[in-house]
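Good morning, everyone. Please have a look at the model on the screen.

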Amino acid sequence: MATSWFRYSSPASFYPLAGRMIRWFAAAAALLAVAGLVIGLVVAPTDATQSDAYRIIFIHVPAAWMSMFLYVVMAAWSAAALGFNTRLSAMMAQAIAPTGALMTFIALWTGAFWGRPTWGTYWAWDARMTSELILLFLYLGIIALRNAIDEPRRADKACAVLALTGVVNVPIIYFSVYWWNTLHQGSSVSVTRAPSMAAIMLAGMLVMALAAWFYAIAVILARVRIIIVERERGASWVASLREVRHA
Amino acid sequence: MAAALAIAPDRTDTAWPALRWAVARDVKLALRSRAELGVQLLFYVVVASLFPLATTPERSTLTLIGPGVLWVAALLASLLSLPRLFAADHADGTLEQIVLSPYPLVALVGGKIVAHWITTGLPLVIIAPLVGLQYALDEETLSVLAFALLIGTPILSLLGAIGAALTLGLRSSGSLLALLILPLYVPVLVFGAGAVEAARTGVGASAHLSLLGAGLLIACVGAPFAAAAAVRIALD
């Protein structure tokens with residue numbers, strides 16, 4: 001059994017597996033998103049204090065969770081890439097970065113549109129918003145570094161070092177910004193959500209979070225397949241793929 | 001150049017001599033191009049002098065923005081000097097010899113970082129209080145500013161070394177370096193400027209300075225290893 005764990009660490013055997021998995025994850029993401037949106041937009045009642053504006057939560061919170069979670073996953077793949085010197089781990093890290101950046105951007109963007117009607121401002125230098133913005137910079141830095149290096153293996157390792165440096169820094173950045181914020185801002189804007197969230201709202205949010213998970217997995221697998229074909233184009237198994245021959 | 005080290009390569013305790021050698025060599029090289037060091041210092045002074053012109057010469061406003069301006073200028077000056085850390089050695093092949101030498105690369109890279117701080121960070125510590133006078137900061141605040149810079153600028157050199165090594169020999173490495181490193185500098189900026197601000201308002205800067213010191217210890221432990229790994233990757 002021990003060998004089976006490493007069977008799919010080879011791009012050649014992972015490529016078809018990923019192709020089979022994408023369908024299921026994409027279908028699950030679509031179903032959950034529809035269910036979550038129905039709960040969020042139709043079933044859930046209008047909020048007493050925030051009226052209908054609070055419904056942005058069903059996109060905003062899952063995106064914010066994914067943005068942070070994906071960074072940790074990317075750092076874990078980067079650590080695997082550096083530790084085991086495996087190509088597929090680095091390809092996974094490469095595939096995660098754009099989705100992570102997109103989720104961070106969505107979280108910031110929807111946050112701005114949520115903040116406008118509820119706090120009366122698009123942007124406040126709140127600790128969470130500021131550290132989310134810096135997280136976006138970290139993602140963009142990794143993508144930019146990858147694009148600046150022509151040689152894929154050097155790009156893999158350089159991005160892995162950067163991702164690991166970043167993951168050590170993310171909590172420090174969060175706490176520094178949090179403390180800075182509490183010193184400066186006082187209580188002009190409080191982001192702490194009311195703890196008494198209705199069960200139906202929580203359910204909608206969790207369903208949407210699951211949808212975001214499955215969406216991210218499906219998209220990352222699709223992207224990693226493209227990266228595999230691109231990088232392994234010299235290999236004979238790639239040349240014999242049906243989609244490559246007919247392309 | 002590495003052959004100039006007069007230590008037997010089979011000795012295990014070579015880290016300190018290697019570190020000392022790297023510090024001495026880089027400081028000597030930097031002192032031979034003093035004009036370059038002067039330009040970096042001038043950059044700091046000029047940037048810090050622009051803000052009153054862009055805002056207002058009113059003393060109450062200046063003392064308010066002063067700590068932040070002096071720290072942001074320090075971040076930019078550090079960023080500007082980072083390419084010097086490895087680029088010249090990379091261009092003439094010395095860096096390759098350093099990596100190939102039998103001495104621990106972490107110690108050699110660490111020595112280069114120390115030398116970088118001595119030649120770029122330490123002058124800022126000395127000159128910042130003078131620039132701070134332009135912002136109508138009182139003596140006690142200025143001494144806290146100098147002390148915060150004394151703890152904070154080594155962190156900038158340590159973190160910056162990782163970015164400088166990662167971007168070695170890349171297209172548009174300067175602006176890329178800014179994108180990679182400035183987000184990582186955020187905690188230093190927050191606690192550094194926070195210390196000066198706390199001293200100015202009389203709250204007491206010890207909490208900020210302690211956190212800055214903790215950050216320095218973490219950076220000392222981790223950053224040289226990451227920078228050494230990045231140097232190896234760049235030369236692969």
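V188(B) sits in helix α8 of chain B, residues 173–201. Helices here are DSSP runs of H or I with at least four residues, strands are E runs of at least two, and both are numbered from the N terminus. A word on the source: this is a predicted model, where local features need pLDDT of at least 70, side-chain atom pairs count only at pLDDT 80 or more, and totals for chains, interfaces and linings use all residues. Residues are numbered from 1 along each chain as its sequence is written, while chains are lettered from A and ligands numbered from 1 in the order in which they are written.

Is V188(B) buried or exposed? Buried: 28 other C-beta atoms lie within 10 Å. The cut-offs are 20 or more such atoms within 10 Å for buried, 12 or fewer for exposed, and partly exposed in between, with C-beta atoms placed from the backbone.

Which residues does V188(B) contact, beyond its neighbours within four places in sequence? They are G152(B), I155(B), L156(B) and G215(B). Contact means C-beta atoms, placed from the backbone, within 7 Å. S210(B) is 22 residues from V188(B) in sequence, and their C-alpha atoms are 12 Å apart.

Now the whole chain. Chain B has nine helices and zero strands. Its radius of gyration is 19 Å, close to the 18 Å that the globule rule gives for 236 residues, so chain B is as compact as a globular protein of that length. That radius is taken over C-alpha atoms, and the rule is 2.2 Å times the number of residues to the power 0.38. Buried residues make up 48% of chain B.

Next, helix α6. There is a kink of about 35 degrees in α6(B), centred on I118(B). The bend at a residue is the angle between axes fitted to the seven residues ending there and the seven starting there.

Then the core. The largest nonpolar core has 144 residues, and A230(B) is among those with the most contacts inside it. Such a core is a set of buried Ala, Val, Leu, Ile, Met, Phe, Trp, Tyr and Cys residues joined through C-beta atoms within 7 Å. Not counting residues up to four places away in sequence, A230(B) touches A158(A), V161(A), I162(B), A165(B) and L166(B).

Last, confidence. Chain B averages a pLDDT of 89, and 95% of the residues score at least 70. pLDDT is the predictor's confidence in each residue, from 0 to 100. For the complex, the predictor gives an ipTM of 0.87 and a pTM of 0.89.

Notes. Two residues are in contact if their C-beta atoms, placed from the backbone, lie within 7 Å.
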